[in-house]
Every structure is written in structure tokens, then in C-alpha cells.
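Biologist: I have this one open and would like to go through it with you. Can we start with what you mean by a cavity?

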Amino acid sequence: MVIGIDNMGNTTDSPEYLRALAQDYKMKISPLTPYLPWLQQAAEKAVVSNYSDNGVTDSSISFPVYSSELMGFIKACNISGLMDRNYPYVYSRKAIKTHDEERRLIVGATWKEWDILCGILSKYVLGGRTRSALWKEGVTEQIFYLTVSKMQEIVDFWE
């Protein structure tokens with residue numbers, strides 16, 4: 001086993017280091033955890049609809065309208081400090097291709113795979129800015145719920 005040393009001189013496998021790391025992680029996920037009950041139930045609900053009222057005709061382009069809860073969650077993710085703009089690297093390094101592979105990695109993650117959890121969350125949050133279907137997928141495939149709940153589980157274990 002490789003033992004590293006952080007910038008405070010603590011070994012990276014010491015309980016003190018892990019508790020400090022968990023405290024940092026807790027601060028980062030605290031804006032997201034209030035959404036866990038909603039994310040758990042939202043897989044069965046419609047979180048997006050197409051705007052088609054008020055003069056939108058067959059020749060017009062309809063646009064998606066997202067639930068306020070989903071938009072609040074996306075905003076909380078963006079300010080959380082968990083977003084990793086290099087998330088494609090996580091996907092190529094781990095050869096992640098399907099939702100089942102994502103879920104398998106999320107369920108088996110420990111504090112050592114925190115970067116993988118951040119990468120998966122980032123794909124759906126940041127990628128959803130240009131491919132809005134990713135936000136809906138993140139909810140319906142329960143990627144958002146599984147990732148945040150696993151992060152919460154890791155933090156709770158080390159507290």
C-alpha cells in the first residue's frame with residue numbers, strides 16, 4: 001500500500017486525515033443532500049415537459065421546461081465545488097459506457113473513488129448545459145440520487 005502525505009504532514013491513510021477529508025466533503029455535499037428525498041421519488045415523475053402553450057404551433061420549435069426542484073438541484077451542484085470539468089477523463093480511464101456501469105461504480109465507491117463520483121455527477125450536470133436530455137437521464141436513471149447518497153454515506157462513515 002502506498003502511503004502519501006498531505007500538505008499538513010499527515011499520512012493520507014490516517015484517521016485524522018480521513019476525518020478532515022470527510023469534513024471537507026460534507027461541506028461540499030451539504031447543498032445537495034436536501035434534494036435526496038425528491039431525487040429518490042423523481043424517477044417516476046415527469047421532471048421535464050415541452051412548452052407548447054401560448055401560440056406555439058406545429059411549425060414552431062417547442063422547448064423543454066424543467067421542474068423547479070431539478071433546476072434547484074442543478075444550481076446547488078454548480079456551487080458545490082464538486083464539479084469536475086475533466087469528467088470525460090474519468091469515463092475514458094474507467095471505460096464507462098452504460099448506465100449500469102455507472103451505477104456499479106457508484107455503488108462500489110469508497111472515499112478513494114470520490115473523483116469518480118464527482119466525474120459521474122459532473123457528466124450529467126455540466127453535460128446537461130449543452131445536452132439537456134442528460135439532466136432528465138440523471139434523474140430517471142437515478143444517477144443523481146445514487147451519487148449523492150453514496151457521497152453522503154462516505155461522509156457519514158468517516159464522521
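Modeller: A cavity is a set of grid points where a 1.4 Å probe fits but cannot get out, and its lining residues have an atom within 4 Å of a point. Keep in mind that this is a predicted model.

Biologist: How many cavities of 30 Å³ or more are there?

Modeller: The count is one. About 30 Å³ of space lies in the largest cavity.

Biologist: Which residues line the largest cavity?

Modeller: The lining consists of Leu18, Leu21, Ala22, Tyr25, Trp111, Ile154 and Trp158.

Biologist: And which element gives the most to that lining?

Modeller: Helix α1 does, with four residues. Both α1 and α8 supply at least two residues each.

Biologist: Let's step back to the fold. What order do the elements run in?

Modeller: From the N terminus on, the order is α-α-β-β-α-α-α-α-α-α. That makes eight helices and two strands.

Biologist: How much of the chain counts as buried?

Modeller: Of the 159 residues, 37% count as buried. The accessible surface comes to about 9,300 Å², and carbon and sulfur atoms hold 53% of that surface.

Biologist: What share of the contacts with a separation of 6 or more comes from residues 24 or more positions apart?

Modeller: Such pairs account for 65% of those contacts.

Biologist: Now the core. Which residues in the largest nonpolar core touch the most other members?

Modeller: Phe73, Trp114, Leu121 and Phe144, out of 42 residues in that core. The elements giving two or more residues to the core are α1 (15-29), α2 (36-42), α3 (68-79), α4 (87-93), α5 (99-107), α6 (114-127), α7 (133-140) and α8 (143-158).

Biologist: What does phenylalanine 73 touch, leaving out residues up to four places away in sequence?

Modeller: Phenylalanine 73 touches Leu32, Tyr35, Leu39, Leu121, Phe144 and Val148.

Biologist: Back to α8 for a moment. Is aspartate 156 buried, exposed or partly exposed?

Modeller: Aspartate 156, which is in helix α8, counts as partly exposed because its relative accessibility is 42%. The cut-offs are under 20% for buried and over 50% for exposed.

Biologist: Which side chain does aspartate 156 meet in a polar contact?

Modeller: That of glutamine 152, at 2.8 Å.

Biologist: What does the serine 80 side chain reach?

Modeller: The backbone oxygen of cysteine 77, at 2.7 Å.

Biologist: Last topic, backbone angles. What is phi of alanine 95?

Modeller: Phi there is near 55°, a positive value in a residue other than glycine. Most residues other than glycine have a negative phi. Alanine 95 is in the loop between α4 and α5 and is partly exposed, with a relative accessible area of 46%.

Biologist: And phi of glutamine 142?

Modeller: Phi of glutamine 142 is near 60°, again a positive value in a residue other than glycine.

Biologist: Where is glutamine 142 found?

Modeller: Glutamine 142 is in the loop between α7 and α8. With a relative accessible area of 25%, glutamine 142 is partly exposed.

Definitions and conventions
Residues are numbered from 1 along each chain as its sequence is written. This is a predicted model: local features need pLDDT of at least 70, side-chain atom pairs count only at pLDDT 80 or more; totals for chains, interfaces and linings use all residues. Side-chain values use heavy atoms; hydrogens and water are left out. A nonpolar core is a set of buried Ala, Val, Leu, Ile, Met, Phe, Trp, Tyr and Cys residues joined through side-chain atoms within 4.5 Å. Buried means under 20% relative accessible area, exposed over 50%, partly exposed in between (1.4 Å probe, protein chains only). Contact means heavy atoms within 4.5 Å. A polar contact is a pair of N or O atoms within 3.5 Å; within protein, one must be able to donate a hydrogen and the other to accept it, and residues adjacent in sequence count only if both atoms are side-chain atoms. Accessible areas come from the Shrake-Rupley method with a 1.4 Å probe; for residues, only the protein chains shown count as cover. On a 1 Å grid over the protein atoms alone, a cavity is a set of points where a 1.4 Å probe fits but cannot get out, and a pocket is an open set with protein on both sides within 12 Å along at least five of seven lines; lining residues have an atom within 4 Å of a point. Grid points are joined across faces, edges and corners, and a volume is the space filled by probe spheres set on the points.
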